[in-house]
Every structure is written in C-alpha cells, then in structure tokens.
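Keep the model open beside you and try each task before reading its solution.

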Amino acid sequence: MTVISCWFALLFFLLQLNFQWNNYWVYPLIFVQMHLYTGLFITAHDAMHGTISSNKTINNVIGYVSVFLYAGFFYNTLYHKHHQHHQHVHTSDDPDFAPHGFWRWYLNFMRNYVTVIQLIIMAIAFNVLKIWIDETNLLLFWVLPALLSTFQLFYFGTYLPHKGEHDNEHYASTLPKNHLLAFITCYFFGYHFEHHEKPHMPWWQLYKTK
C-alpha cells in the first residue's frame with residue numbers, strides 16, 4: 001500500500017504541475033516515478049507468488065490493481081506467463097528468455113507481454129486524461145516513467161540475471177551483496193538466484209536470503 005500510495009501521490013503532483021522545460025529540479029522526479037512504477041509491477045509479481053496476503057481474494061485484488069495501474073495489463077495473463085518462466089526457465093517455453101543480445105531479447109520480452117487490448121486501454125486512458133491534463137505532463141510523467149521502468153525491470157530483473165552461462169538449476173546469477181544498490185536497481189530482484197530458490201519470499205524480505 002505504501003508503494004501504490006507513493007506512486008499515486010507523486011503522479012498526481014506531477015500531472016498537476018505547471019511544467020516548464022527549465023524546471024530542472026523536476027527531471028529527477030521522472031526517475032523516482034520510474035522506480036515507483038517498477039514497484040507497482042513488483043507488487044503485482046509478489047501477488048503472483050501469493051505473498052501479499054494469506055487471504056487469496058485480497059492478494060489477487062492487489063495484484064490486479066497494481067498491474068492494471070502499471071500499464072493496463074491483465075493479472076491473469078501475467079500470472080500464467082510468470083509461472084511459465086519459473087517452471088521452464090531458460091528454455092523455449094520460457095516467455096522471459098531469448099538467446100539474443102539485449103535489444104532483440106528486450107523486444108521479444110515486450111512482445112510476449114504487451115497485448116493489443118492493453119494498448120487500446122492505454123490509448124483510451126491517454127485521450128480521456130488529456131481532456132483535463134496537459135499532454136506534455138502526460139507524456140513526461142505518465143508515459144515516460146512507465147516506459148523507462150520496462151527497461152529497469154527487464155535489465156535488472158531478467159536480462160542481467162539470466163544472460164550467459166550458469167552452473168545452477170535456475171540458470172540465474174545474483175548481484176553482489178549490497179542492499180541499497182539492490183533496492184534502487186530493482187527492489188532486490190537482482191538477488192535473482194535467491195528469488196528462484198525462494199519464490200514465496202516477498203521483495204521486502206528477499207535481502208534476508210542473500
């Protein structure tokens with residue numbers, strides 16, 4: 001709830017802002033909002049592993065809300081694909097894996113998750129919101145942080161941990177122990193071997209498994 005509340009509060013502030021291009025102090029907030037977008041996805045990810053609440057309804061509702069706020073995603077679709085990743089890691093049945101370089105892997109990753117209906121939802125939302133909100137604010141503070149967070153999630157949560165050769169059953173590497181860096185980069189999911197070892201450990205407890 002802290003992640004969702006901070007995301008909403010900062011987004012509300014930025015969308016109402018009388019933005020000028022020489023307001024240089026605003027630009028770092030784009031990256032703060034990017035990090036909060038990543039937090040929305042990580043929250044939904046934790047729901048996929050049942051770690052939000054022991055009450056299944058509460059757990060799934062928070063998962064649905066988080067991933068829909070992130071970019072109009074559907075929780076059920078992501079749930080299925082994420083568990084495919086855990087069950088078939090580093091194989092042709094793994095939707096998160098592609099034996100290519102960064103950009104081809106990223107595009108394959110996005111193609112596996114982004115759907116036409118999701119793009120339609122986001123297009124409708126954008127056009128409705130711009131009735132009340134300046135289009136520049138929408139692009140800089142709503143669209144751009146979400147797009148940047150896909151790179152953050154992909155690079156630190158998928159590409160970096162799973163690229164190259166590995167000598168373990170999860171085909172995953174892990175960051176050196178640095179909890180501040182691990183949080184800033186991707187909510188401890190750079191500790192990726194540990195996540196595959198203990199998938200039911202919530203992100204805010206994951207550092208304890210390092």
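Predicted model: local features only at pLDDT ≥ 70, side-chain atom pairs only at ≥ 80, totals over all residues.

Residues are numbered from 1 along each chain as its sequence is written, and side-chain values use heavy atoms, with hydrogens and water left out.

**Exercise 1.** Find which residues of helix α3 are buried and work out how they are arranged around its axis.

*Solution.* Start with the helix itself (helices are DSSP runs of H or I, at least four residues, numbered from the N terminus). Helix α3 covers residues 56-71, and its first and last C-alpha atoms are 23 Å apart, close to the expected 22 Å. The expected span is 1.5 Å times one less than the number of residues. Next, pick out the buried residues (under 20% relative accessible area, 1.4 Å probe, protein chains only; exposed is over 50%, partly exposed in between): Asn59, Ile62, Gly63, Ser66, Val67, Tyr70 and Ala71. These fall within an arc of 125° seen down the axis, so they line one face of α3. The arc is taken from the directions from the helix axis to the C-beta atoms. An α-helix has 3.6 residues a turn, so residues three or four places apart point the same way. Finally, look at the partners: the buried residues of α3 pack against α1, α2, α4, α6 and α7 (contact means heavy atoms within 4.5 Å).

**Exercise 2.** Now repeat the analysis for α4, and find what is exposed on its other side.

*Solution.* Tyr75, Leu78, His82, His83, His85 and His86 are buried. They cover an arc of only 145°, which puts them on the same side of α4. On the other side, His80 and Gln87 are exposed. The packing partners of the buried residues of α4 include α5 and α9.

**Exercise 3.** Is threonine 51 buried or exposed?

*Solution.* First locate threonine 51, in the loop between α2 and α3. Its relative accessibility is 17%, so threonine 51 counts as buried. Beyond its neighbours within four places in sequence, its contacts include Asp46, Asn59 and His200.

Conventions
Helix = DSSP H or I, 4+ residues; strand = E, 2+ residues; numbered from the N terminus.
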